[in-house]
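Subject: Handing over the two-chain model

Dear colleague,

Please find the structure below, followed by my notes on what was found in it. I would be grateful if you read the notes with the model open beside them.

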Amino acid sequence: MKVTRPSVILEFISMELSETWRFPLPELFSFLYVLFPLFFSYLVRSIVMGPPEAKLVFVASLAEGTVSLITILLILKNISYGLANELKGGLIQTYLSYPVGRVALLSVKVFSGILIPLAYVVFSTLTFAYVNLPGLVTKYFNVLALSLLSLIGQLMLAAGLLLLVSILVKGGGASLGLGIASLFGLDALSMAFNMLGGTTGEEAYWHAYYLLNPLDALVNHYGSLRFLYVGYGRGFKPSLNQCLTYLSLHYLIVSLIYLASFAYFARRFEP
Amino acid sequence: MPDALKYLNVRKRFGKVRALNGFTLRIPGDGVFGLIGPNGAGKTTAIKLGIGLLRPDEGEVKLFGEDPYGNPNVRFEVGVIHERAAFPKHVRAGEFLKHVARMYGEGEEEVREVMKLLGISEVADRKIGGLSAGTLRKLSIAQAIIHRPRLVIADEPTANLDPLARAELLETISVLHKDEGMGFLVSSHVLSELERVCDRLAFVYAGKVRLVGDLSMLIESFKGLFKVSCERAGELAKALRGLPYVREVRVAGGDLVVRVDEGFEDDFYRDVSSLAKEVGVKLYYVGAKGIRLEELFRSLTSGEGGIEGN
């Protein structure tokens with residue numbers, strides 16, 4: 001398999017940005033992402049928590065309950081609706097008639113449809129943390145980075161599912177419906193592990209829960225508050241090593257989902 | 001000249017549907033090659049395989065000697081006009097062509113030239129989503145030829161166009177071939193259109209190439225066809241079938257189409273008159289049938305006269 005020339009990839013990125021990130025979308029979402037730090041600043045500054053690290057984890061938890069929801073909507077629009085319609089409507093077929101490889105083309109789509117929205121989350125959360133907790137960010141940057149990695153991992157898992165469904169289904173409406181259903185399914189699975197862990201007290205269920213929600217593992221490790229938490233109890237308190245293991249395994253699952261999407265698109269997808 | 005596109009015993013299925021079944025064809029890149037066949041014959045599948053959009057289940061496809069599925073760079077040599085043109089709707093036509101041009105290492109001068117050539121300069125600032133079907137088709141041609149490819153592959157390029165736009169498009173193909181030296185592979189199920197622009201043709205039916213050759217040669221190979229106008233054509237048909245040199249008798253629209261062995265043309269003129277008298281049928285007209293692609297096509301798809309492609 002020969003690789004695509006970089007100049008072609010750059011041109012596709014440019015074309016993709018013109019099509020997907022056109023006025024007023026970037027402006028609107030920039031506003032929403034800025035609104036988050038403005039709106040919750042007072043909350044973070046005033047709430048008293050245990051250790052200082054807990055405040056930083058709470059920032060990520062806040063982002064999970066606010067900007068992440070906007071991000072999921074954006075990814076649904078870009079991937080479940082946008083990409084799926086391009087697959088069905090023939091635009092991807094047109095693109096694949098140019099000297100671009102399948103992996104390169106899907107990478108451009110993932111960059112524009114998933115990675116840019118995630119960059120918004122990272123930028124917004126970091127700005128929020130720096131503005132409100134400048135001293136803590138400098139001193140405990142590793143905690144903030146770990147929290148952000150966990151949050152991004154969770155979003156990447158959801159986005160990966162949407163991507164896989166879109167490529168497999170190849171139809172705007174159906175992809176959107178099935179994509180949303182798959183997100184609900186992921187949440188239901190998460191909730192089931194949470195409830196089983198809470199009611200039976202068995203750690204295995206909590207391990208499974210933390211595997212899908214590594215940010216919650218950090219929340220419980222640092223004894224942080226949890227924004228918009230719907231669950232059964234706080235669960236057991238994992239060690240930092242356990243948190244890192246959950247995070248690593250979580251990214252392994254994420255990687256496998258993306259690998260499956262790319263492999264299917266590169267080897268089996270027929271426009 | 002080496003083949004621009006080569007199919008060797010290609011098979012392709014979509015579920016239970018066998019789209020191509022031993023498809024073998026060599027397409028030189030120096031002329032206008034027509035791929036003709038009814039809807040569902042396998043033309044679009046062959047084209048998609050040719051540009052690497054699909055991978056064959058069996059057999060081999062080579063585009064300028066390379067596997068088009070595995071090597072996207074070979075598509076620098078081709079331009080593709082799809083039957084259903086789909087472009088980014090919110091991008092302006094001129095901007096889109098600039099993107100495509102830069103992809104091939106071309107500049108804005110080429111964009112201006114190609115837009116002028118196709119008469120779409122005035123829509124450069126309009127979003128693609130707002131263009132008419134005819135203009136969209138011209139944009140489709142523009143993006144395919146902007147880099148002066150060695151081969152332009154056009155899948156049903158005249159689909160959904162009005163007669164005037166069809167004529168214009170065919171004229172454009174001829175001009176680009178003659179003036180710019182571009183090779184074309186044009187698929188269509190409208191035979192009269194291909195007849196106007198192609199110098200070589202392949203007939204595709206049921207996933208196979210049934211006949212391939214120069215247009216003039218194809219017509220020559222169908223010598224010996226006669227049209228007979230008479231009353232009660234069925235009765236005369238029955239009598240004609242008894243002649244040893246008559247290979248085929250078909251009733252078409254009240255007339256008879258008769259194919260005789262080579263060298264028996266004079267015998268046919270003599271015998272058809274006497275047979276008509278014998279069975280009491282009045283003859284109105286007997287003459288060599290001016291063969292057109294439609295008739296060639298009908299003959300091939302009727303299950304008789306199929307010739308394997310080379």
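Chain A comes to 12 helices and 0 strands, where helices (H or I, at least four residues) and strands (E, at least two) are DSSP runs, numbered from the N terminus. Before going further, please note that this is a predicted model, in which local features need pLDDT of at least 70 and side-chain atom pairs count only at pLDDT 80 or more, while totals for chains, interfaces and linings use all residues. Residues are numbered from 1 along each chain as its sequence is written, and chains are lettered from A and ligands numbered from 1 in the order in which they are written.

Chain A

Read from the N terminus, the elements of chain A run α-α-α-α-α-α-α-α-α-α-α-α. Along its principal axes the C-alpha trace of chain A spans about 60 × 40 × 35 Å. The radius of gyration of chain A is 20 Å, which agrees with the value near 18 Å that a compact globule of 271 residues would have; this radius is taken over C-alpha atoms, and the globule rule is 2.2 Å times the number of residues to the power 0.38. Of the 271 residues of chain A, 47% count as buried, a residue being buried if 20 or more other C-beta atoms, placed from the backbone, lie within 10 Å of its own, exposed if 12 or fewer do, and partly exposed in between. Among contacts in chain A between residues at least 6 apart in sequence, 82% join residues at least 24 apart, two residues being in contact if their C-beta atoms, placed from the backbone, lie within 7 Å.

One residue that I followed in more detail is A:N78, which sits in helix α4 (residues 67–89) of chain A. A:N78 is buried because 25 other C-beta atoms lie within 10 Å. If its neighbours within four places in sequence are left aside, A:N78 is in contact with A:T20, A:L83, A:S112 and A:G113. A:N78 and A:L162, which are 84 residues apart in sequence, are 10.0 Å apart in space, C-alpha to C-alpha.

Chain B

Chain B has 10 helices and 13 strands, and its C-alpha atoms fill a box of roughly 75 × 40 × 35 Å, taken along the principal axes. Buried residues make up 43% of the 310 residues in chain B, and among contacts between residues at least 6 apart in sequence in this chain, 68% join residues at least 24 apart. Chain B is divided into domain 1 (3–218) and domain 2 (223–290), with bounds that come from an automatic or database domain assignment; the C-alpha centres of these two domains of chain B lie 42 Å apart.

In chain B, 6 strands form an open sheet with mixed pairing, in the order β5-β6-β7-β3-β8-β9, where two strands pair if DSSP finds at least two bridges between them. The edge strands are β5 (78–81) and β9 (208–214) of chain B, each of which pairs on one side only. Direction ignored, neighbouring strands of this sheet are turned by 15 degrees against each other on average, with axes that are lines fitted to C-alpha atoms, for helices over the stretch in contact, and angles that run from 0 to 180 degrees between N-to-C directions. Helix α4 (residues 133–145) of chain B packs on the sheet, touching β5 and β6 (151–155) of chain B, and its direction makes about 165 degrees with that of β5(B).

Strand β3 (residues 32–36) of chain B is joined by 5 bridges to strand β7 (residues 183–188) of chain B, and the two run parallel. In β7(B), the bridge partner of B:I36 is B:S188, and that of B:L35 is B:S187. A further 4 bridges join β3(B) to strand β8 (residues 200–205) of chain B, again in parallel, and in β8(B) the bridge partner of B:G34 is B:L201. Since 5 of the 5 residues of β3(B) are buried, this strand is largely enclosed by the rest of the structure. Both faces of β3(B) are covered, with B:V32, B:G34 and B:I36 buried on one side and B:F33 and B:L35 buried on the other.

Elsewhere in chain B, 9 bridges join strand β1 (residues 3–14) to strand β2 (residues 17–28), which run antiparallel. B:R11 stands opposite B:N21 in β2(B), and in this hairpin of β1(B) and β2(B), which has 2 residues between the strands, B:G15 takes a positive phi near 65 degrees.

The contact between the chains

The contact takes 24 residues from chain A and 21 residues from chain B. On the side of chain A that touches chain B, the elements that give two or more residues are α1 (6–20) and α5 (91–96) of chain A, and α1(A) gives the most, with 6 residues.

With best regards
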